[in-house]
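Q: I would like to learn how to read a protein model step by step. Could we begin with the helices and then move on to the charged side chains?

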Amino acid sequence: MTRTPAARTPAAPVPAAPAPAAARPGAPAPRTPTRLGRLRPPRTALPYLLLLPALVLELVVHLLPMVVGATMSLKRLTQFFIRDWSAAPWAGLANYRTAVDFHAPVGRALLHSFWVTCAFTVLTVGLSWLIGTAAAVLTQGSFRGRGLLRAVFLLPYALPVYAAVITWSFMFQRDTGLINHVLHDQLHLVDDKPFWLIGDNSFTALVTVSVWRSWPFAFLTLTAGLQNIPRELYEAAALDGAGIWQQIRRITLPSLRPVNLVLVLVLFLWTFNDFNTPYVLFGRSAPEAADLVSVHIYQSSFVTWNFGAGSAMSVLLLLFLLLVTSGYLLLTSRRKDAA
């Protein structure tokens, strides 16, 4: 007898798990508290926290020496208090009064050094900007060897300052220098070989070396600015009959105005504070015709050992540069708003 298999009863359906609250339409997303989320700073404070290490280093490296120098300017700090300068007696504003007393020898020497530095800065910045602009415009177009020529132009800026200036000091030697050999022996432009590192000619030598070192920076900056000028402007000007000088006057210089504003300010600050060039070129005691403020302050501090007077001169130089920089920025911003 054959047994018929019993029919299987279908299994009861398993009830589905309730959907999470996040899957339900209209339900708010669950908030999972985490310790990292609680410790995470708000987004508005994150940029300031990232800048905090740089600000602390800026305070330590720059502002702290300024505060120490301003404190030293208020003391009678001489060679007798070098071991413990804080024990030097207070002088108040006596060092400042001595520095600005232009009827006394110290004040007259500082005023002479200030005017020499102003003339040196004007000539160096003006010639560096002029040569840099000319070189940038001449190398703007495409021609064979342009990259090599630009690299050669940047060599004075890439060389170490001490190696470059020492080389110039050898070239300016009276009897064995290259400058006098070319001017006197080769070209016969002078009757006698002049002294370049002493006397009045020292100012010319200082300006020459400073311009040689500064103009490649102007060339590099202006070359970068020229890349942002559309070529279509020059093409349209050429179709209208504008010559090269009209294009430079009407297109190049107005387009480079924002770059020139920053470039002139940076060159002014670098040149007015320049210490390495005259110190390496002339030594510890620069000639009177090339006595810059930076070298004069060095001599007042480390040659005559009057650190209080030298610090007072440094503070006066800082205030002058801040005043000129603020006036320059205010004037340029007003011209920009008026335009």
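A: Let us start with a definition: helices here are DSSP runs of H or I with at least four residues, numbered from the N terminus. The model is a predicted one, and in it S300 is found in helix α14, which covers residues 293–303.

Q: Is S300 buried or exposed?
A: A residue counts as buried when its relative accessible area is under 20%. S300 has a relative accessibility of 13%, so S300 counts as buried. Leaving aside its neighbours within four places in sequence, S300 is in contact with W305, N306, G310 and M313.

Q: Is A158 buried or exposed?
A: The cut-off for exposed is a relative accessible area over 50%. A158, which lies in helix α6 (residues 155–158), has a value of 60% and is therefore exposed. The C-alpha atoms of A158 and R213 are separated by 9.1 Å, although these residues are 55 apart along the chain.

Q: How do α9 and α12 pack, and at what angle?
A: Two packed helices are described by the angle between their axes and by the distance between the axes. Helix α9 (residues 201–226) and helix α12 (residues 257–272) pack at about 160 degrees, with their axes 11 Å apart. Because angles over 145 degrees count as roughly antiparallel, α9 is roughly antiparallel to α12. The crossing in which α9 passes α12 is right-handed.

Q: Which residues of α9 and α12 meet?
A: From α9 come S210, S214, F217, A218, T221, L222 and G225, and they meet V259, N260, L263, V266, L267, W270 and T271 of α12. The residues of this contact divide into 8 nonpolar, 6 polar and no charged.

Q: How many salt bridges are there?
A: Side chains of opposite charge can pair when their charged atoms come close. The count in this model comes to 3 salt bridges.

Q: Which residues are linked in a network of salt bridges?
A: The network links R174, D175 and D192. The closest N and O atoms are 3.0 Å apart between D175 and R174, and 3.4 Å apart between R174 and D192. R174 lies in the loop between α7 (161–171) and α8 (178–186), and D192 in the loop between α8 and α9, so this pair ties together parts that are 18 residues apart in sequence. D175 is exposed, with a relative accessible area of 55%, whereas R174, at 22%, counts as partly exposed.

Q: With which residue does K193 form a salt bridge?
A: K193 pairs with D185, and their closest N and O atoms are 3.9 Å apart. D185 has a relative accessible area of 30% and is partly exposed.

How values were computed:
Residues numbered from 1 in each chain as written. Predicted model: local features only at pLDDT ≥ 70, side-chain atom pairs only at ≥ 80, totals over all residues. Heavy atoms only, no water. Axes fitted to C-alpha atoms, helices over the stretch in contact; angles between N-to-C directions. Helix = DSSP H or I, 4+ residues; strand = E, 2+ residues; numbered from the N terminus. Parallel < 35°, antiparallel > 145°, perpendicular 65-115°, else oblique. Left-handed = near helix turned anticlockwise from the far one by under 90°. Contact = heavy atoms within 4.5 Å. Nonpolar A, V, L, I, M, F, W, Y, C, P; charged D, E, K, R; others polar. Buried < 20%, exposed > 50% of the residue type's maximum accessible area, 1.4 Å probe, protein only. Salt bridge = Lys/Arg side-chain N within 4 Å of Asp/Glu carboxyl O.
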